[in-house]
There are 2 protein chains.
Amino acid sequence: MESDLSRLKIVLAEITDLYNVAGLLGWDQQTCMPPGGAEQRGYQLSTLKTLAHVRFTSLEVGQLLDAAEPMLDTLDPSSDDACLIRVTRRRYEKRIKVPPTLVSEMAQASAAAHQAWEKARLDSDFWQFLPHLEKIVDLKRRYSNFFAPFEHAYDPLLDDYEPGMKTSEVKAIFNVLRPQQVALLREIMHKTEPEDAFLHLNYDPQKQWDFGVEVISRFGYDWKRGRQDRSTHPFTESLGRGDVRITTRIYPDFLSSALFSTMHEAGHAIYEQGVDSSLARSPLDGGASLALHESQSRMWENLIGRSLPFWQHFYPDLQEVFPEQLAKVSLERFYWGINKVKPSLIRVEADEATYNLHIMLRLEIEIGLIEGTIEVKDLPEIWNEKMHEYLDIVPPDDAKGVLQDIHWSSGLLGYFSTYALGNLIAAQVWERVNEDLPGLESQIRSGDFSELLGWLQEKIHRHGAKFEPQDLVQRVTGSWITPEPYLNYLRTKYGTIYGL
Amino acid sequence: MESDLSRLKIVLAEITDLYNVAGLLGWDQQTCMPPGGAEQRGYQLSTLKTLAHVRFTSLEVGQLLDAAEPMLDTLDPSSDDACLIRVTRRRYEKRIKVPPTLVSEMAQASAAAHQAWEKARLDSDFWQFLPHLEKIVDLKRRYSNFFAPFEHAYDPLLDDYEPGMKTSEVKAIFNVLRPQQVALLREIMHKTEPEDAFLHLNYDPQKQWDFGVEVISRFGYDWKRGRQDRSTHPFTESLGRGDVRITTRIYPDFLSSALFSTMHEAGHAIYEQGVDSSLARSPLDGGASLALHESQSRMWENLIGRSLPFWQHFYPDLQEVFPEQLAKVSLERFYWGINKVKPSLIRVEADEATYNLHIMLRLEIEIGLIEGTIEVKDLPEIWNEKMHEYLDIVPPDDAKGVLQDIHWSSGLLGYFSTYALGNLIAAQVWERVNEDLPGLESQIRSGDFSELLGWLQEKIHRHGAKFEPQDLVQRVTGSWITPEPYLNYLRTKYGTIYGL
């Protein structure tokens, strides 16, 4: 059994290498690659991913798993080896259930849909995208059916991103969240809106870059195991824990974008850099789920980066870097400005108080599409109705409405809720870490994040993908994912800022 | 047969993808990768190369070749398909003759030798490197033996870089070359040495970069299918003809380095960018051999970049960029300065008149080691003797002598002569292109390289690796590789500069 496990580890290490290399190809594509490389890059990625998939779903991996599994009877269930066997078995069973024909049909449909979506969004014309999205939804329903029986047809899609999570759990959480977030937003909207014009002045890009670098270095981003570049959309790419790269986007006339996206991506990267070295070159070398990942990025971006203690330390530095723009803006006005709440059309620009509502709208639509209770052709109307209901605004066109996100065109259904779940987990973990580290707020006020980072590494990061998300959240906070801490956080924060 | 060929092409395309991806990993390692990525990068490269090797030497490729080969009876021998079958068969037979145990022994020995060499060079102590080099030589001799019978034991090593080339051919060429180059050098050394202090002033790195970019853009380097970065050692990396990247190295106090290395690497890249698109994703998508490659890089760097007509066009621009340093230096003095001949210890810093002598010394040593007529322990002495004989200088220590090059420590025996052969081919092609394009010199004088580039693409570049080097040189120039054109070129050029 032990030698089978050793052999399994070798095979998985090679497969992990291939996926990490595919990650480098993707990073390079968005940061370095000249346009002439696009066509061959598509082939290279497809060759690598196919090789990795074929290798992972091979009879050999199945046999090695069969042979190693009896070890689970004697291994500590939370040991690296036990988790490796369990997680690998789970992914293996999921992958081999889907026929390769469906996988390749999905790849082709996504490629075509992505192209159609780009054009449709440009023309703001949903009807160009309609047949493609119908095809994607049809394929996703067929995909889901390979995992029957299930509690809900949406479960297998959600499980791709949040292993073990059920649609019913997410629905229950969102059913509590939705009315309270809507109510809070209505309250806020009756108050005077803070001024934030000073965020939209001219800010030298190099100085923005340098300030962001200073902040995330203080957070603990390890530059010896990473680097930062510019790209159209900020992202984090881990090529393994020794090389976790981030990108940022800088607007010369909007300070918040680079500032908070840099902290956000550093949050993702610090998670990946903190995975224990014993998990290197294995499927466990990475975050536990997208929601856990988002909990870390959002924590650094929002719970820390948009907090008053943080700016009590960093604002004087920022004022020194941008005296013309900020010398006359008080700390309080700055803090209000970066936390201004305003319902907006675009998810990625949403503030903390409205973001989750964008997500709930999408989740409801996705569940309806998979259940068959919503038809693709009705999406623009449903989208706009829900926007009106939740956020009290209606998109003037489809480009700013149902066509805004890339996800569906790439075949990513089941993904959106992880963003909202990440917000909830962040607040839940934040409550807990503040109990464990009573000096945390004053440490942040003095720009010291070392104890926080140590706590996060010990409780979350080092475990990599060993545990399912609900299990990990339970281990860290003592309860499953729950909306209360996030609602408390929002009420306290905006209660103070808006005087509710 | 045709469907077997189609299948063969698909398999080869995937293998080519893997090698190109390995190329990207190497490029990234030298330009972007943070130090923490080094360990996993080693694994990633090894996983990719092993996969590519196993796939290429598979029974399947052998069977597809067997099935496709009868097509050679009816195909035009210079058609893409015929060349693909021929080249693939050649490489396949060469690879499968070597047992995997030897391949992995070589990989391990090289890794250890490379590490030992770095330390030995630092300490300038050959004896640290001795046992490692003995091991490498032993492995190379065993490698060679798998290809017996052969005319010369060195042939299989040379053939790895110059397919089809024989040791006897290279010896014959160098036997003509050596005495004449030595004699020419002696003559030059009796003349007054031109002044070149102005090349060693302070030159702003960004301006050096920009000037280099301007020059190679005029040469025809296609930026839509490439990019330039800085690295410790300049190199070219082709990820396929759509993405051919170059790097350069800039010294703030020496103008020649970036200037000529940029032209040199652009020469390599322009070759790769010019391969016909029908050869994409095949083993034929690349240069015909290292010597052919070097002929192109050296042509742009030396026959063009160090010529008077070139500077008649570009020198006023350069003076404008660096008025403080060059305003008072006449075109003639500049031209003399960049062509100053001075025997030096280090190969990579050698001028056109001495470079080949560095190569011949290395080739003689390599042949002796493989024949068994030279022992590794005698290398420092032999090295210094030959340096004295050919260049009339003796290294003060091993770091500046026998330990200077990385090649042997990496297991690259058989490689060096390609540099000298490249010089010869460049001169040979240059004679021919000047016959075909009588207006070339005046085109260069006006900074126009378009007709030259068209000629090179038509005669050399587009063919990729379809033909063996001697065959290609014969097709282009009407004769095999011969030293006369290069000797004529040197005599004419230095005759004028030094008034011989």
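B:Ser238 is buried, with a relative accessible area of 16% (buried means under 20% relative accessible area, exposed over 50% and partly exposed in between, using a 1.4 Å probe and protein chains only). This is a predicted model, where local features need pLDDT of at least 70 and side-chain atom pairs count only at pLDDT 80 or more, while totals for chains, interfaces and linings use all residues. Residues are numbered from 1 along each chain as its sequence is written, chains are lettered from A and ligands numbered from 1 in the order in which they are written, and side-chain values use heavy atoms, with hydrogens and water left out.

B:Ser238 sits in strand 2 (residues 236–238) of chain B; helices (H or I, at least four residues) and strands (E, at least two) are DSSP runs, numbered from the N terminus. Leaving aside residues up to four places away in sequence, B:Ser238 touches B:Asn20, B:Asp243, B:Val244 and B:Glu272, where contact means heavy atoms within 4.5 Å. With B:Glu272 there is a side-chain to side-chain polar contact at 3.3 Å. A polar contact is a pair of N or O atoms within 3.5 Å; within protein, one must be able to donate a hydrogen and the other to accept it, and residues adjacent in sequence count only if both atoms are side-chain atoms. A polar atom of the B:Ser238 side chain also lies 3.1 Å from the backbone nitrogen of B:Gly240.

B:Ser289 is in the loop between helix 10 (255–273) and helix 11 (290–304) of chain B. At 6% relative accessibility, B:Ser289 counts as buried. With residues up to four places away in sequence left out, B:Ser289 touches B:Tyr161, B:Glu162, B:Pro163 and B:Pro469.

**Where the chains meet**

35 residues of chain A are in contact with 35 residues of chain B. Between them the chains bury about 2600 Å², 62% of it on carbon and sulfur atoms; buried area is the accessible area (1.4 Å probe) that two parts lose on being put together, summed over both. A:Pro34, A:Gln40 and A:Gln44 supply 18% of the area that chain A buries against chain B, more than any other three residues.

The rule finds 4 salt bridges across this interface, a salt bridge being a side-chain nitrogen of Lys or Arg within 4 Å of a carboxyl oxygen of Asp or Glu. The side chains of B:Arg245 and A:Asp28 meet in a salt bridge, 2.8 Å from N to O. On the chain A side, helix 1 (2–31) and helix 2 (38–56) are the elements that give two or more residues, and helix 1 brings the largest share, 10 residues.

Helix 21 (residues 484–498) of chain A has buried residues including A:Tyr486, A:Leu490 and A:Tyr494. Among what covers its buried residues are helix 8 (167–189) and helix 17 (417–436) of chain A. Just after helix 21, A:Gly499 takes a positive phi of about 60°.

Most residues other than glycine have a negative phi, and most peptide bonds are trans. Here are some exceptions:

| Site | Backbone feature |
|---|---|
| A:Ser124 | positive phi of about 50° |
| A:Arg281 | positive phi near 55° |
| A:Ala148 to A:Pro149 | cis, omega near 0° |
| B:Ala148 to B:Pro149 | cis, omega near 0° |

A:Ser124 is partly exposed, with a relative accessible area of 24%.
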